[in-house]
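Please read the points below with the model open beside you, and follow each one in the display before going on to the next.

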Amino acid sequence: MGKRSGSGNIGQSVFASGLRNGVFTGVGVRPVGYQYPTGLTQTGVGRNSIDYLVVAGGGGGGGNASASGGGGGAGGLIQASAVSVTDSGTYAVTVGGGGPSNTQGNYSLFRNSSPANTFYSYAVGGGRGGGDSAGGNGGSGGGGSGQFPAGFVAGGSGTPGQGNNGGGRNQYTGGGGGGGSGGAGQTREPGAYGIGTQVPWATTAGYDSGWYASGGSGNASGSGQNPQGGGGYGPANSNGDAGYQNSGGGGGGAHAPQSTGGTGGKGVVVVRYAGSQGATGGTVSSTPGYTIHTFTGDGFFNTNSSFIGTDSYAIN
């Protein structure tokens, strides 16, 4: 707290909620006896916690199908807020790659190395899209695919809290859509992808405006990546498109006579905390009031020796 100028009793406040055990905690709190605009202005932000996002690699789209491969499932997505950390702490980061055609994506992990046993967030790789087979299980499940006129072929199962199930295929549709973090894949023509999740504060990665972890399409017109999480499309008469990098989107399913499903998008880990930079690791950026560390590959998030702080105020 800065020095007082003028007179007045700074042991009382006109705002009772701004005084706790004799310490001012509000912003712009005016002590009794001071005339407006004299008061307290916050000069530093205390912190003892972080917010983070962990997204695993997306599953590869289904290939080698007699008709249409299923879309790959999105990589598992985990969000957490106000997670306590320590000064001089070391936190290991693993970023999973997307799976190639007919292959599950790889996991992403964010955990403490020192001190041990504080937290452990493991995101499961996205399930593979089916190539004349059921979709694979994963963070979100891959879409199913089967030979015409086979009956219903199921999509894979998603991991609770991280994603959703993939869509199936019946004899009148193309491959099912891969599941996404925000919704299940669909069983219809085209095999629509499961929607992803928008994380407004984490716009340093992901698809347009911070969208993450949608499933790949089973069989759809168009090309590229869908705008709600970066899963790849499955264009007609073509190989599947890849999921968007560092979004965890699933790869698009291949459409006969082509045989290669799209590769799933690589995952990402993003960490945010209040105030100026107090840690190292990843690519560091800032937004008003926050510092952000974006990891597109393996590494360590290291807090410095004075990461933990308290709110500070000056009397003006």
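1. Gly62, in this predicted model, sits in the loop that runs between β6 (49-55) and β7 (77-84). Its relative accessibility is 0%, and because buried means under 20%, Gly62 counts as buried.

2. The surroundings of Gly62 can be traced through its contacts, which, leaving aside residues up to four places away in sequence, are Gly69, Gly70, Ser101, Asn102, Gly129, Gly130, Gly131, Gly253, Ala254 and Gly261.

3. Side chains of opposite charge can pair when their charged atoms come close. By the rule applied here the model has 1 salt bridge, and it joins Arg272 to Asp51, with 2.9 Å between the closest N and O atoms. Arg272 belongs to strand β13 (residues 268-274) and Asp51 to strand β6, so the pair ties together parts that are 221 residues apart in sequence. Arg272 counts as buried at 15% relative accessibility, and Asp51 likewise counts as buried at 15%.

4. Strand β10 pairs with strand β9 (residues 108-114) in the antiparallel sense, over 4 bridges. Within this pairing, Tyr122 of β10 is the bridge partner of Leu109.

Technical notes: Residues numbered from 1 in each chain as written. Predicted model: local features only at pLDDT ≥ 70, side-chain atom pairs only at ≥ 80, totals over all residues. Heavy atoms only, no water. Helix = DSSP H or I, 4+ residues; strand = E, 2+ residues; numbered from the N terminus. Buried < 20%, exposed > 50% of the residue type's maximum accessible area, 1.4 Å probe, protein only. Contact = heavy atoms within 4.5 Å. Salt bridge = Lys/Arg side-chain N within 4 Å of Asp/Glu carboxyl O. Pairing = 2+ DSSP bridges.
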